[in-house]
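Reader: Could you take me through one part of this protein closely, please? I would like to look at its pockets and at what surrounds them.

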Amino acid sequence: MKRNKSFDNKSPLLYLVATPIGNLKEITERALETLKEMDLIAAEDTRNTYKLLSCYGIKSELFSLREHNEVEASNHLINLIKSGKKVAYVSDAGYPGISDPGNILVKMAIKEGINVSTISGSSAFINALVASGLSTDHFYFYGFLPKKGNEAKNELTKLVDKPETLIFYESPHHIEETIKLMHEVFKNREVVIARELTKINEEYIRGSLDEIVNIDFESLKGEMVIIVKGNEELKDKAVDEGMIEKKLKSFMDKGASKKTAIEILKEEYNLPKNLVYKIAQKL
Ligand code: SAM
């Protein structure tokens, strides 16, 4: 076990800074202050980050760390941080490491005894989820599906029983194929497409997959998040099974045999006998 106090000044520190997902004003004062103080800002795309930094008059030096050079670039950054340089990492939008590079850098930094701290901002999936109207109690973030149709369908099939709200990232090039696959796999579930978040053309499209599969896909431009309602059928069944198990236990605790408890429950709640038997077998 290791306990690391981010700001104890005893260990070197790597900052992960969240950047805007669209509207350039969505960056915190703390993020700007941190970026200003850095000796080096490592970025997924230095040109994009340069544009953001220019808006705020930040002139720190930039360094490229992207998916294809992540290990090599991370080694370089770790050496710089250990030598006392102040370094932050930013991806193109939102949080580093969320469908973006950054996770390898973080793992390597932790291994080398470097503290890691995040400067908050927005992430497209959080914005989309909280305004979707679907359940926010439990959710499953998938990110991008594989590009090949058969692989994407396999992945969706694995998710079909999940009771959690499902979250996917998508681009305009694949949205039509993805919605058609979702319709095949998830049938007529409720879906929300959250598009161009925080930008002037922000849009939420809420409806059933039967409706959304017939949308004009040409109208779905820009970046988007797809949120799919979790499998409610199984959620209800889980509640019922939990209730049946509790009742069976309570009758048996009061002295009824398993057989009698099954009979009482079946009669009292008008339940299928085989379902009650199946649950009773676990006791
Ligand atoms: N790191 C980012 C985050 O924390 O959200 C995600 C980066 S990932 C490469 C880009 C994907 O995020 C897009 O294809 C889209 O699915 C989603 N995304 C990013 N910005 C968005 C926005 N403004 N509106 C809707 N979706 C967005």
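Author: Happy to! A word on terms to begin with: the domain bounds used here come from an automatic or database domain assignment. Please also keep in mind that this is a predicted model.

With that assignment, the protein chain is divided into domain 1 (13–122), domain 2 (125–235) and domain 3 (238–280). The largest pocket draws at least three residues of its lining from each of domain 1 and domain 2.

Now to the pocket itself. The largest pocket has a volume of about 930 Å³, and 42 residues line it. If you want to find its centre on your screen, look for Ile 21, Asp 92, Ala 93, Asp 100 and Glu 223, the lining residues that lie nearest to it. By class, the lining comprises 19 nonpolar, 12 polar and 11 charged residues.

Which secondary structure elements take part? At least two lining residues each come from helix H2 (46–55), strand S7 (165–170), helix H7 (175–186), strand S8 (190–195) and strand S10 (224–228). Of these, H2 gives the largest share, with 4 residues.

Five strands form an open sheet of mixed pairing, in the order S6-S7-S10-S8-S9. At its edges are strand S6 (139–144) and strand S9 (203–208), each of which pairs on one side only. From one strand to the next, the twist averages 15°.

Inside that order, S8 and S10 run antiparallel and are joined by 5 bridges. Here you can pick out Arg 195, which stands opposite Met 224 in S10. H7 lies across S7, S8 and S10, and runs at about 5° to S10.

Finally, a look at the second largest pocket, which holds about 150 Å³ of space. Its lining is made up of Pro 12, Leu 13, Tyr 15, Glu 37, Met 38, Ile 81, Gly 84, Lys 85, Lys 86 and Val 87. These divide into 6 nonpolar, 1 polar and 3 charged residues.

Technical notes. Residues are numbered from 1 along each chain as its sequence is written. This is a predicted model: local features need pLDDT of at least 70, side-chain atom pairs count only at pLDDT 80 or more; totals for chains, interfaces and linings use all residues. Side-chain values use heavy atoms; hydrogens and water are left out. On a 1 Å grid over the protein atoms alone, a cavity is a set of points where a 1.4 Å probe fits but cannot get out, and a pocket is an open set with protein on both sides within 12 Å along at least five of seven lines; lining residues have an atom within 4 Å of a point. Grid points are joined across faces, edges and corners, and a volume is the space filled by probe spheres set on the points. Ala, Val, Leu, Ile, Met, Phe, Trp, Tyr, Cys and Pro count as nonpolar, Asp, Glu, Lys and Arg as charged, and the others, Gly among them, as polar. Two strands pair if DSSP finds at least two bridges between them. Axes are lines fitted to C-alpha atoms, for helices over the stretch in contact, and angles run from 0 to 180 degrees between N-to-C directions. Contact means heavy atoms within 4.5 Å.
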